[in-house]
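Thanks for making the time, everyone.

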Amino acid sequence: MMNGLQCPQQGLLWRLKQHGGPVTPVARITMETSTLTKQGQRFLTKLTTSSAATDNLIRRFVQGSPKSVVLTTLSHLLSPSTSYPQLSSIALPLYGRATQAPWFTWNSTTVAELAALLHKLGHQAQSEALISEAISKLQSRQRDLVVFYGRLAQAYSKRKSEIGFDVAYGYLNNLLRTSESVHVKRRAYEYMVSGLCCMDRPGEAEELVIGPGAGLGLKPSGFELKSIVYGYGRLGLFEDMRRVVEEMEKRGFVVDTVCCNMVVSAYGVHGEHVEMVRWLRRMRDSGIPFSVRTYNSVSNCCPRVLRMVGGMSELALSIEELNEGLEGGEGMVVRELLGCSGILEEVMVWESLEVKLDLHGFHLGGAYLVVLVWLEEMWRRLNGLNCGVPAEVTVVCGLGNHSSVRGESKVRVLVQKMMVNMGSPLKVDRKNNGCFVAKGKAVQNWLCEMKKAPLRESASL
């Protein structure tokens, strides 16, 4: 059960904690809360098409909907990536009506997001009133206050509001300098550094971490240094990015999967394929495991892979076929990535009763590539290493029976297209349409036949 609203945070703090390290109070944030439910989408659609009074529609929605549906709908409206930007102004009256519900719990993250949205919409007085109320409520609880200031800075940074961010930064800076709590100082420090990087000001962040009087006596952690790596890399300032990575190593911090993914992603966004290959090899040679994010970062910078998974060109149905169709830097990067099957340790479970591949978290391109790697490994284990045939094989794509989200999983559609074109025995599970299932023996026989006589079926869904 949700106690208040955990608004989505797609900024740096979420990215860092998603890929390693303990989750601190700074990063206890979820992405799922911005996903619009079917009931929420019906409500928002009605707002855009119905002639009924908006206040009446909001009142009936809040009174007749579960707490989670109201909160996820509000979260979606508060998100900068909302699919209903024309309804952003509805967020305040929806929040106001929600505060009157018996289940309502005040939540500082909601207030921070709403205040930043109102600021963007030009409603300064309402934004300032929300902030003042929150400060008054939390003044005696500095641990909660620093989280509010931090979330406020994040909310402004997502909207690239320099004025709003600088105000929130000033609140954090005051806590950093005046609080007697080391915990509060550390949280303020983390938010300040990550916020500067998200605002494309990594030079200021580096000065705060490494410069004279850095951190007012706080020793920088790997988190702050990774934030700066990310900030420089996103801007294409690769010399500065590499310098900070070297500084991390000098200070004894491990260059781990999180850090490497940030570097690989930065090079990928700017089309630096040779450097991507160099870092992927560094990861492999140093025993740094590839992750879901590694696959997403690589696939997102490969135009041909994106065209294939987007339906604009024919899908290659094996690693060999894919490699033959890729050229130049894109081919080099994909071959380097697919040359290591270590990702399967993270996403595959192999047991006597079931082999399961879990595609949660993958973007389309990443899911496509990992399925190809998985099929190669399945053939190797079932027909080469004699690892034993599991009773059942399952591929989990998400958005199945237990999902309240409207729309079909794009990953599921892609996997189904691959399975149909390959003539695979894996079919949509009757009990859960977010999964594909087949008997282990059927999969073994199919893979064996595929290797003996590779055939292409050009049929598409």
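Let me begin with a term: when I say that two residues touch, or are in contact, I mean that they have heavy atoms within 4.5 Å of each other. Please also keep in mind throughout that this is a predicted model.

With that term in hand, take Leu322, which, once residues up to four places away in sequence are set aside, touches Met308, Ala316, Val334, Leu338, Tyr368, Leu369 and Leu372.

Ser313 sits in the loop between helix H17, residues 303–309, and helix H18, residues 319–325. Its side chain reaches the backbone nitrogen of Met308 at 3.5 Å, and, leaving aside neighbours within four places in sequence, Ser313 is in contact with Arg304, Arg307 and Met308.

Stepping back to the whole chain, we have 23 helices and 5 strands, and buried residues make up 52% of the 461 residues. Among contacts with a separation of 6 or more, 68% are between residues 24 or more positions apart. The chain exposes about 20700 Å², of which carbon and sulfur atoms supply 51%.

Now to the cysteines: how many disulfides does the structure hold? The count is 0, and two residues illustrate the distances involved, given that a disulfide here needs sulfur atoms within 2.5 Å. For Cys198, the closest cysteine sulfur belongs to Cys197 and lies 7.1 Å away, so it is too far for a bond; Cys198 counts as buried, at 9% relative accessibility. For Cys397, the closest cysteine sulfur is that of Cys435, at 7.2 Å, which is again too far for a bond, and Cys397 is likewise buried, with a relative accessible area of 7%.

Finally, the annotation. In the model, residues 221–255 are 74% helix and 0% strand, with the end C-alpha atoms 12 Å apart. Residues 256–290 are 74% helix and 0% strand, and there the end C-alpha atoms lie 10 Å apart.

Technical notes:
Residues are numbered from 1 along each chain as its sequence is written. This is a predicted model: local features need pLDDT of at least 70, side-chain atom pairs count only at pLDDT 80 or more; totals for chains, interfaces and linings use all residues. Side-chain values use heavy atoms; hydrogens and water are left out. Helices (H or I, at least four residues) and strands (E, at least two) are DSSP runs, numbered from the N terminus. Buried means under 20% relative accessible area, exposed over 50%, partly exposed in between (1.4 Å probe, protein chains only). Accessible areas come from the Shrake-Rupley method with a 1.4 Å probe; for residues, only the protein chains shown count as cover. A polar contact is a pair of N or O atoms within 3.5 Å; within protein, one must be able to donate a hydrogen and the other to accept it, and residues adjacent in sequence count only if both atoms are side-chain atoms.
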